[in-house]
Amino acid sequence: MTEPTFTPRVFSGIKPSGGLTLGNYLGAIKRFVGMQGEMETIYCVVDLHAITVWQDPAELANATREVAAGYLAAGLDPTQSILFNQSQVAGHAELGWVFNCVARVGWMNRMTQFKDKAGTNAEKVSLGLYAYPSLMAADILLYHATHVPVGEDQKQHVELTRDIAAKFNHDFGTAFFPITEPVIDGPATRVMNLRDGTRKMSKSGESDMERINMTDDADTIAKKFKKAKTDPAALPDTLDGLAGRPEARNLVDIYAALDDSTPEAVIAAYQGAGWGRFKPALADLAVAKLAPISQEMSRLMNDPAEIDRILAQGAARARQIAEPILKQTYDIVGFLRS
Ligand code: ATP
Ligand code: MG
């Protein structure tokens, strides 16, 4: 059997499960923009994933538009990238079901994000939260995507996607699905919580003080960095000096990512600096980078019809790619089409 070659294609998404954070921006959106133009790019607002935990229906549509506004404001261009929300393309749920029958319960039981999110309440969370990674595999493979830019927290789910593709291909004696590459690079693939440097910054985290929201104003950003947990020591002369100092390392990494620089260069510029100097510099940099984006987001949010139009057009383009792939999958599985 000759191995098919797959057109290089990027797929990734963000859940409309709350307001966008600096983690989403640096770990995902900024990198999505960087890949635009390099190859075909498909970026989704994954609303089917959002409802794995309760979402107020009145809020969900708004949160969906806000993620889309974040994409557009940060520089994703709907003429270059396909931008849409997942629930408008039925193939995600349909292929997701097929993959629920390919993925093994034992694989799902190893997913650390489920363990984190379910916590001590695992019996009471939705079945969707447990099955989420198999829907994520469908999101990616519905487009035969070859590259998936994600934050470090999603690495295990992309690896599961590869396992699902490989098992499907093996079980059905085909080479139909690509073995997708996770793309996890740059200084901010895991932006940490500002109050606890061992936990990731998340949209759905408990306290607003633990994250920078993309829509926070300058005063709020300055206040949150000022109150961010740190140790008392000054910044060291070399990056090695940040070992065992997760909060300090996080702020240096955030600075580097915002400045398109490297942690080494940030340390070289600020060696010996105390927090009284570094934190205000970081806040100024964050405001300089985020303010234009948040202003554009609020302009876009004042015109929801325009966002909806862009998402509808993106969904139509997404369906054109997805439908033949789903049809072929159904043929491979043996579903009768009469
Ligand atoms: P939730 O708390 O609802 O899971 P989230 O902030 O984790 O929200 P997701 O929608 O789950 O956001 O993830 C969207 C993208 O953002 C993924 O690629 C994920 O890896 C990336 N991402 C999320 N948080 C961070 C972070 N702290 N640092 C870097 N990347 C992140
Ligand atoms: Mg998440």
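Contact here means heavy atoms within 4.5 Å. The model shown in these views is predicted.

**View 1. The two domains of the protein chain.**
The domain assignment gives domain 1 (9-183 + 303-333) and domain 2 (208-299). Taken over C-alpha atoms, the centres of domain 1 and domain 2 are separated by 29 Å. Where the domains meet, 13 residues of domain 1 are in contact with 15 residues of domain 2.

**View 2. The largest nonpolar core, with 59 residues.**
The residues with the most contacts inside this core are Leu22, Tyr25, Leu26, Tyr71, Phe225, Ile254 and Phe278. Helix α12 (residues 275-301) gives the most to the core, with ten residues. Both domains take part: at least three residues of the core come from domain 1 (9-183 + 303-333), and at least three from domain 2 (208-299). In soluble globular proteins, nonpolar side chains tend to be buried together.

**View 3. Ile254 and its contacts, with another core elsewhere.**
Ile254 is one of the residues with the most contacts inside the largest nonpolar core. Leaving aside neighbours within four places in sequence, Ile254 is in contact with Leu22, Leu26, Val191, Leu194, Phe225 and Leu282.

**View 4. Helix α3 against helix α13.**
Two packed helices are described by the angle between their axes and the distance between the axes. The axes of helix α3 (residues 57-74) and helix α13 (residues 304-333) come within 10 Å and cross at roughly 80°. Angles of 65 to 115 degrees count as roughly perpendicular, so α3 is roughly perpendicular to α13. On the α3 side, the contact is made by Arg65, Ala68, Ala69 and Leu72. On the α13 side, Pro304, Ile307, Asp308, Ile310 and Leu311 make the contact. By class, seven of the residues in this contact are nonpolar, none are polar and two are charged.

**View 5. Thr329 in helix α13.**
Thr329 has 0% relative accessibility and therefore counts as buried. Not counting residues up to four places away in sequence, Thr329 touches Leu95, Phe168, Phe176 and Phe177. One of these, Phe168, is the subject of the next view.

**View 6. Phe168 in helix α8.**
Phe168 also counts as buried, because its relative accessibility is 0%. Phe168 and Ala122 are 46 residues apart in sequence, and their C-alpha atoms are 28 Å apart in space.

**View 7. Ala166, also in helix α8 (residues 155-171).**
Ala166 counts as partly exposed, at 36% relative accessibility. Ten residues separate Ala166 from Phe176 along the chain, and the C-alpha atoms of the two are separated by 9.4 Å. Phe176 is also one of the residues that Thr329 touches.

**View 8. His144, a loop residue with a positive phi.**
His144 is found in the loop between α7 (127-141) and β4 (147-149). The phi of His144 is about 50°, a positive value although the residue is not a glycine. Buried means under 20% relative accessible area, so His144, at 11% relative accessibility, counts as buried.

**View 9. Asp260, a loop residue with a positive phi.**
Asp260 is found in the loop between α10 (246-258) and α11 (263-270). Asp260 is not a glycine, yet it has a positive phi of about 50°. With a relative accessible area of 58%, Asp260 is exposed.

**View 10. Thr230 in the loop between α9 (218-227) and α10.**
Thr230 is partly exposed, with a relative accessible area of 25%. Not counting residues up to four places away in sequence, Thr230 touches Glu247, Leu251, Trp275 and Lys279. Thr230 and Arg195 are 35 residues apart along the chain, with their C-alpha atoms separated by 8.5 Å.

Note on methods
Residues are numbered from 1 along each chain as its sequence is written. Chains are lettered from A and ligands numbered from 1 in the order in which they are written. This is a predicted model: local features need pLDDT of at least 70, side-chain atom pairs count only at pLDDT 80 or more; totals for chains, interfaces and linings use all residues. Side-chain values use heavy atoms; hydrogens and water are left out. A nonpolar core is a set of buried Ala, Val, Leu, Ile, Met, Phe, Trp, Tyr and Cys residues joined through side-chain atoms within 4.5 Å. Buried means under 20% relative accessible area, exposed over 50%, partly exposed in between (1.4 Å probe, protein chains only). Helices (H or I, at least four residues) and strands (E, at least two) are DSSP runs, numbered from the N terminus. Domain bounds come from an automatic or database domain assignment. Axes are lines fitted to C-alpha atoms, for helices over the stretch in contact, and angles run from 0 to 180 degrees between N-to-C directions. Angles under 35 degrees count as roughly parallel, over 145 as roughly antiparallel, 65 to 115 as roughly perpendicular and the rest as oblique. Ala, Val, Leu, Ile, Met, Phe, Trp, Tyr, Cys and Pro count as nonpolar, Asp, Glu, Lys and Arg as charged, and the others, Gly among them, as polar.
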